[in-house]
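This report describes a single protein chain for a reader who has not seen it before. The sequence and the structure come first, and the description follows.

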Amino acid sequence: MVKNSVVKIIFDALLPYYCRGCGRTGSLLCEECRGEIKIIGEVKGKNLGDLKKLYVGGYRTGALEMLVKDYKFKSMKKISGVLVEILDEAVPKGLEVVIVPLPTIKKHIRERGFDHAKRLAEEFAKRRGLEVCPVLKRVNKTVQVGADEETREKQAKEAYGIDFIMAQKFFGEDEKAGRLEANRLDPRKTYLLIDDVWTTGSSMRAAAKKLREAGAEKIYGATIEIGSD
Ligand SMILES: [Zn+2]
């Protein structure tokens, strides 16, 4: 087991990058396949719930779909760089927001060895010079895989909570405009929730609802890809 993982680490390090679109070696996404990804930007006409806006990199197909899959399920962390570049094109420049990663189920973090949404959020924030504020936390362990849409929606509603200790750390208690109410998020900030994919949107809506209930008034969402349903 140990031997295997060491071999795998060495193999992964030596393996030349290959394009997830065409297989050509040299990069994770070649120029040509990159050019074929149509950047979506703001998405309208979806059930956004408490989100005021939704920004999306591209449709879940072809190279983009492969990149997200390998990033998440093969734990190829380096792919986050390419994904964040795509997200960076989709989200308007100069947006003043506090970045909130959609919290990942602990079991998935353990299995993958990293938190895929947190990594995307942190790299995006770094690129834009924004602050990451992980004020959301998972409060139960429900897993969505295989569940029907109604069950997913119900599970999602119970999945998130606010980490107020974290919120206080970020916003402080003695801001100029007056002490923030206990257990309230700063309503003057705009929050940008980040996740890898928008499928039915049930997770994002549930997370946005929690933020709103905790005092946030302006909540946006952004994902790398969106299901093409
Ligand atoms: Zn290619």
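This is a predicted model: local features need pLDDT of at least 70, side-chain atom pairs count only at pLDDT 80 or more; totals for chains, interfaces and linings use all residues.

Helices α4 and α6 are oblique to each other, because their axes cross at roughly 60°. Helix α4 covers residues 80-90 and helix α6 covers residues 116-128, and their axes come within 9 Å. The crossing of α4 past α6 is right-handed. On the α4 side the contact is made by S80, L83, V84, L87 and D88, and on the α6 side by R119, L120, E123, F124 and R127. Sorted by class, the residues of this contact are 5 nonpolar, 1 polar and 4 charged.

E85 is also found in helix α4. Is E85 buried, exposed or partly exposed? E85 has 15 C-beta neighbours inside 10 Å, so it counts as partly exposed. Although 39 residues separate E85 from F124 in sequence, their C-alpha atoms are 8.2 Å apart in space.

**The chain as a whole**

The chain has 229 residues, of which 34% are buried. Its secondary structure consists of 9 helices and 8 strands. Among contacts with a separation of 6 or more, 70% are between residues 24 or more positions apart.

**The sheet**

Six strands form an open sheet with mixed pairing. Their order across the sheet is β1-β2-β8-β7-β3-β4. Strand β1 (41-42) and strand β4 are the edge strands, each pairing on one side only.

| Strand | Partner strand | Sense | Bridges |
|---|---|---|---|
| β3 (residues 98-101) | β4 (residues 131-132) | parallel | 2 bridges |
| β3 (residues 98-101) | β7 (residues 190-198) | parallel | 4 bridges |
| β7 (residues 190-198) | β8 (residues 218-226) | parallel | 8 bridges |

V100 stands opposite L193 in β7. P101 has I194 of β7 as its bridge partner.

How many of the 9 residues of β7 are buried? The number is 7, so β7 is largely enclosed by the rest of the structure.

**Helices across the sheet**

Helix α3 (residues 62-73) lies across β2 (53-59), β7 and β8. The helix α3 runs at about 100° to β8. Helix α9 lies across β7 and β8, and runs at about 165° to β7.

**Helices α7 and α9**

Helix α9 (residues 202-213) also packs with helix α7 (residues 149-157). Which values describe such a packing? Two packed helices are described by the angle between their axes and the distance between the axes. For α7 and α9 the angle is about 30° and the axes are 8 Å apart. That angle makes α7 roughly parallel to α9, since angles under 35 degrees count as roughly parallel. The crossing of α7 past α9 is right-handed.

From α7 the contact involves R152, E153, A156 and K157, and from α9 it involves S202, S203 and A206. These residues divide into 2 nonpolar, 2 polar and 3 charged.

S203 lies in helix α9 and takes part in the contact with α7. S203 counts as buried because it has 26 C-beta neighbours inside 10 Å. Leaving aside neighbours within four places in sequence, S203 is in contact with L102, A156 and D195. The C-alpha atom of S203 is separated by 7.7 Å from that of K157, 46 residues apart along the chain.

Key
Residues are numbered from 1 along each chain as its sequence is written. Axes are lines fitted to C-alpha atoms, for helices over the stretch in contact, and angles run from 0 to 180 degrees between N-to-C directions. Angles under 35 degrees count as roughly parallel, over 145 as roughly antiparallel, 65 to 115 as roughly perpendicular and the rest as oblique. A crossing is left-handed if the near helix is turned anticlockwise from the far one by less than a right angle, and right-handed if clockwise. Two residues are in contact if their C-beta atoms, placed from the backbone, lie within 7 Å. Ala, Val, Leu, Ile, Met, Phe, Trp, Tyr, Cys and Pro count as nonpolar, Asp, Glu, Lys and Arg as charged, and the others, Gly among them, as polar. Two strands pair if DSSP finds at least two bridges between them. A residue is buried if 20 or more other C-beta atoms lie within 10 Å of its own, exposed if 12 or fewer, and partly exposed in between; C-beta atoms are placed from the backbone.
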